[in-house]
Amino acid sequence: MHRAYLLIAVGILALVPAQMAFANCAIIDRLDTLHIVQTRLARDPLEGFFPSDIRQLRAVSADLGDGVIAEAVNGNVFVGQGAAFVRFVRATRLLLERASMDDPNSVRPHFTPQRRAELRQIGDYLTILRCTDDQIDVATAERAAEAVDATSDAEDLQQVATTIAQLGREIFRLRTLIIVVAIATALAVIMPLVRQWLVLRRRRAKRHNTAYGTQYRIDENTKEGVLLDINCWGTKLRHQQTTPMTPGDPIEIRIDDEWISGSIKWANSHYSGVGFDSGISLSHVNAVLAASLLAMRGLQIQNGAPQDAVSQ
């Protein structure tokens, strides 16, 4: 039974993109004209009358909007054949920007292997979408009548309602819903993995041993402590408290005359692991290391060690 449902679902999905839509045969005919002319230019711009071809491309593509194109080919502007035709018309306008009426060779760089492949793809789509002459004549006459008729306020409101209804149908189209569900599922799977990778990256970041005397604030009390190691994401704090701090409690640590906020990650009677809320810069880390080195050298001098002794 489950297999039967799966076959039915696959059949529906296979039929959805193959639906033939003659909702606007006039637009499809214009797209076909753009394809024919550009196919000839890609083959050899000297084959036809080049200035006439460029003028025809400019006139035919002049007012083709993305939404109109996608609706005419029964697609959408995001994926599938609708997106392919939108890219095709945009590429046509790019060609017209680069073309020089006096130099047919100016269009040759436009037709890269990728552009030629896109032309072949558009040709395959048009084989299914191409209308008959009668359908084109009817669609052209309807568009001409719509252009001549003056629109009243009521007609304007009706047009707005129609546009909203078309947008709703596009949003709830089966393919669109499947794409949205697929993207949401992918994000639901990927985001926890990304967060886990970020946590592991922070934990594995190199820690630098230090002996940085400083202050920390917790529960509105300021106390003395020592940072025993540090990186951009956290530090190990030796504190005065004999009772362990509670993991998750907020804490502030003074580093290079700046209070850095963080939270307790682990704790025992004398030491606590602190994770910084936003991370700190390398300049902060270097300031801690430099101050620790000076403190250790001063301690060595007090103990009679040479001034240039370096802590191991």
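A disulfide here is a pair of cysteine sulfur atoms within 2.5 Å of each other. Good morning, colleagues; I shall begin with that bond. The model is predicted, so local features need pLDDT of at least 70 and side-chain atom pairs count only at pLDDT 80 or more, while totals for chains, interfaces and linings use all residues. Residues are numbered from 1 along each chain as its sequence is written, and side-chain values use heavy atoms, with hydrogens and water left out.

How many disulfides does the structure hold? There is one, formed by C25 and C131, with sulfur atoms 2.3 Å apart. The torsion about their S-S bond is about -85°, so this disulfide is left-handed. C25 belongs to helix 2 (residues 25–43), whereas C131 is in the loop between helix 6 and helix 7 (133–148); the pair thus links distant parts of the chain, 106 residues apart. Helices (H or I, at least four residues) and strands (E, at least two) are DSSP runs, numbered from the N terminus.

Are these cysteines buried or exposed? Buried means under 20% relative accessible area, exposed over 50%, and partly exposed in between, using a 1.4 Å probe and protein chains only. C25 is buried at 3%, and C131 also counts as buried, at 10%. Another cysteine, C232, is buried with a relative accessible area of 17%.

I turn now to the aromatic rings. Rings of Phe, Tyr and Trp (its six-membered ring) pair if their centres lie within 6.5 Å; planes under 30 degrees apart are stacked, over 60 edge-to-face, and the rest tilted. A search of the whole structure finds one such pair. F85 and Y125 form it, tilted, at 5.9 Å centre to centre and with 40° between the planes. Because F85 lies in helix 5 (residues 80–98) and Y125 in helix 6 (residues 113–129), the pair ties together parts that are 40 residues apart in sequence. F85 is buried, with a relative accessible area of 0%.

Next, the strands, which pair if DSSP finds at least two bridges between them. Strand 1 (residues 208–218) and strand 2 (residues 221–230) run antiparallel, joined by nine bridges. G213 has V226 in strand 2 as its bridge partner. Two residues separate these strands in a hairpin, and D219 in the turn has a positive phi of about 55°. Strand 2 also runs antiparallel to strand 3 (residues 234–239), through five bridges; the hairpin joining them passes through three residues.

Finally, a charge sits over a ring if NZ of Lys or CZ of Arg is within 6 Å of the ring centre and within 35 degrees of the ring normal. R217 lies over the face of W259, 3.9 Å from the ring centre. The charged end of K236 sits over the ring of Y271, at 4.9 Å from its centre.
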